[in-house]
Amino acid sequence: MSKEPMRAAGSSARLAVNKTYKLYIGGKFPRSESGRVYAVTDTKDRQLANAPRGTRKDARDAVVAARKAFGGWSGATAFNRGQVLYRIAEMLEARREEFAGEVAAAEGLGRNKALAAVDASVDRWVWYAGWTDKLAQVAGGANPVAGPYANWSTPEPTGVVAVLAPQKSSLLGLTSVVAPVIATGNTAVVVASERAPLPALAFAEVLGVSDVPGGVVNLLSGPVAEIAPWLAAHQDVNAIDLAGASHNTGVASVRDLEIAAADNLKRVLRPEAKEPDWTADPGPHRMLAFTETRTVWHPSGN
Amino acid sequence: MLSAFPADPAEVTSSEAALSRFLHGLPGIDKVGAESRAAMLGTRSIKKDAKAFAIDLAISMIDLTTLEGADTPGKVRALCAKALHPDPSAPDAPRPAAICVYPDLVGIAKEALGKAPVNVASVATAFPSGRAALDIKLADVAQAVQAGADEIDMVIDRGAFLSGRYQQVFDEIVAVKAACGSAHLKVILETGELSTYDNVRRASWLAMLAGADFIKTSTGKVGTNATLPVTLIMMEAVRDFRAATGRQIGVKPAGGIRTTKDAIKYLVLVNETAGPDWLTPDWFRLGASSLLNDLLMQRQKLATGRYSGPDYVTVD
């Protein structure tokens, strides 16, 4: 409740219009199929808002949307993907004040630190935008072969990637795990930080206006333990990034998720023992974790 | 329930005037009521064992259909192979009820299916528009029956129906029924072109009076295909027709039914409207093609506890 006393109509006071945070699936902003929400609090246990409590069925719908979007996104030129990623940076930059507020509330940071995290996120999108048409030169190449063939290898996207976003860094961490997945042409189903999902859900609105085709990034919020095992076992998911998984025991632990992911030979990116410092130079390894190397032999004259 | 039905059905069909009087004397449809009833039945929660039962029942009711200009003998053989072994990883998966193809491919389908208990249905009578002279339509039917079709899906002449020439539509159905011989006759009303629910009810009664074994919603070739309210009205028609005449008629919604959720909604509607007597492949069919893959994926999900994907079912 507002601390302001109620005033008569016609005075300058007005009721705040609170945002209903929603999921982001297939380019749309639905509520959870369950209709449920959960209370999200700041670091001092004051309620910030309700976030949708996503379920396995939301995850299933998100995978369908991601699969549908994969053909178009992986088939887009690397240059075009770079433009789209840069556009995300532009849109995020335009809302940096708002996101500084979101991040400050979610992570209990001071204004300057929160603003720094937002700026780092913007810069990271630009950084990955630059990588889209350069990764093939670094990770691929023309192979010298003893025969009349032109032979070259290129990194290709692996498909639909499930991403468990980092639990602590709500925006920079999210950016650092999502950008490398989609930069190479994969599509993503992302489970936001369970305790601090609001910056991620607000970030979906940035994606919604950034020329990112619907379904390329799908964003869910809710209990990781209820959603992650279904994504890890899903037969139509090609890879999973366990950045936000717990190292403890249980259904959503790194170990159990890896076991669940083994059935269809998903690529699995294990998390570090402790959530890393996301401000460090990321290097290309997150992009390479979700690519397949394709080698082409082409007959050459003589 | 229909109170005004005369003891002798021949009375209704004795003249065009009588037919017209009867069809227009049918009670009007409450559009809002029908739609909300259908929507309400669509919210039933079917889970676990009931869902497993519903999935297998739905698979066994499918008329696995390919009706493209680009159909080839190879594609029809592939579809027949799929009907014989819907899920190679689960030999206990039931087979669909029938394969539905164009008349020229009936022979191919018949040969590919051999003696297996999967019927071959053929569309006929200048499908999908139905715009041809009667003798051409009858030749179309005769050719399909000759090639071994077990079921014939005919289209009614919507132009004649909409302009009120009920006798012409009636006579055509009677003639086609005679040309079918022992083959079952499904009459496609093409409800998407009939404009009103009242017309759907009239067309249903007209087809049943003329001797249809099944009434079917759509060709799948127009903008609006099978919908739940239309199927509700047709289920009411077959229920009332049996009560009035003692003859049971089947129903087949077709077109636009793609997901397990959709299919289960139809099964609930059948059970709640006409009753469990219709919950068998003999009396209820689903005209579909991509639906089978979705049902199989859901079936795999129930069996393994994991969501399946399109890599684990055949590409059509």
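**View 1. Strands β3 and β4 of chain A are joined by two bridges and run antiparallel.** In this predicted model, β4 of chain A covers residues 149-157. Strands here are DSSP runs (E, at least two residues), and helices are DSSP runs too (H or I, at least four residues), numbered from the N terminus. Two strands count as paired if DSSP finds at least two bridges between them. Look for A:G141, whose bridge partner in β4(A) is A:S153. Stepping back, you meet an open sheet of three strands in the order β3-β4-β10 (chain A), with antiparallel pairing. Because β3 (141-142) and β10 (291-299) of chain A each have a single partner strand, they stand at the edges, and one side of each is left without a neighbour in the sheet.

**How to read these views.** Residues are numbered from 1 along each chain as its sequence is written, and chains are lettered from A in the order in which they are written. Local features need pLDDT of at least 70, side-chain atom pairs count only at pLDDT 80 or more, totals for chains, interfaces and linings use all residues, and side-chain values use heavy atoms, with hydrogens and water left out.

**View 2. Chain A meets chain B through 10 residues of chain A and 11 residues of chain B.** Contact means heavy atoms within 4.5 Å. About 1000 Å² is buried between the two chains, and carbon and sulfur atoms give 50% of this area. Buried area is the accessible area (1.4 Å probe) that two parts lose on being put together, summed over both. On the chain A side, A:R60, A:W230 and A:Q235 lose the most area to chain B, together 47% of what that side buries.

**View 3. One salt bridge is found across the interface of chain A and chain B.** The side chains of B:R306 and A:D263 meet here, at 3.1 Å from N to O. The rule asks for a side-chain nitrogen of Lys or Arg within 4 Å of a carboxyl oxygen of Asp or Glu. On the side of chain A that touches chain B, α1 (56-75) and α8 (224-233) of chain A each give two or more residues. Of the elements there, α1(A) gives the most, with three residues.

**View 4. A cis peptide bond links B:F127 to B:P128.** Its omega is near 0°. B:P128 sits in the loop between β3 (119-124) and α7 (134-146) of chain B. B:T125 is also placed in the loop between β3 and α7 of chain B, and its phi is near 60°, a positive value in a residue other than glycine. Most residues other than glycine have a negative phi, and most peptide bonds are trans.
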